[in-house]
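Here is a short report on side-chain contacts. Look at the sequence and the structure first, then read on.

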Amino acid sequence: MKASKIAYKPVGLALGAVSGMLAGAVFKQAWKVLGHEEDAPDATDEDRTWREVLLAATLQGAVFAAVKAAVDRAGAAATRRLTGTWPD
């Protein structure tokens with residue numbers, strides 16, 4: 001395993017934590033705008049429809065994937081600028 005790959009592991013873990021927190025905040029704001037409600041429904045929320053639950057889950061998944069990809073890509077680009085190599 002390359003030294004650059006080993007050195008990037010802690011950075012990748014930190015970026016993963018940051019992306020999770022950021023994605024949660026983005027999803028919460030998006031749900032407020034789209035759903036006009038404070039909290040998104042849980043899968044076991046008896047008072048919510050299937051449509052609401054599945055829409056919330058789909059939106060949450062899309063937001064998390066997009067934020068994670070953006071943060072990971074920015075981290076890799078910053079690593080290349082700092083070290084001259086792209087992390088694998």
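Start with Glu38. This is a predicted model, and in it Glu38 is partly exposed, at 48% relative accessibility. Its salt-bridge partner is Lys32, with the closest N and O atoms 3.6 Å apart. Lys32 is partly exposed too, with a relative accessible area of 29%.

How many salt bridges does a search of the whole structure find? It finds three. Side chains of opposite charge can pair when their charged atoms come close. The table lists the pairs.

| Salt bridge | N to O distance |
|---|---|
| Lys32 and Glu38 | 3.6 Å |
| Arg48 and Asp45 | 3.8 Å |
| Lys68 and Asp72 | 2.6 Å |

Take Arg48 and Asp45 next. Arg48 has a relative accessible area of 22% and is partly exposed. Asp45 is partly exposed at 27%.

Now move to helix H2, residues 50-83. Lys68 and Asp72 both lie there, four residues apart, which is about one turn of the helix. Lys68 is partly exposed at 42% relative accessibility. For Asp72 the value is 26%, also partly exposed.

The whole structure holds one aromatic pair. Phe27 and Trp31 form it, in a tilted arrangement. Why are they about one helical turn apart? Because they sit four residues apart in helix H1, residues 3-35.

Terms used
Residues numbered from 1 in each chain as written. Predicted model: local features only at pLDDT ≥ 70, side-chain atom pairs only at ≥ 80, totals over all residues. Heavy atoms only, no water. Phe/Tyr/Trp six-rings, centres within 6.5 Å; stacked < 30°, edge-to-face > 60°. Helix = DSSP H or I, 4+ residues; strand = E, 2+ residues; numbered from the N terminus. Salt bridge = Lys/Arg side-chain N within 4 Å of Asp/Glu carboxyl O. Buried < 20%, exposed > 50% of the residue type's maximum accessible area, 1.4 Å probe, protein only.
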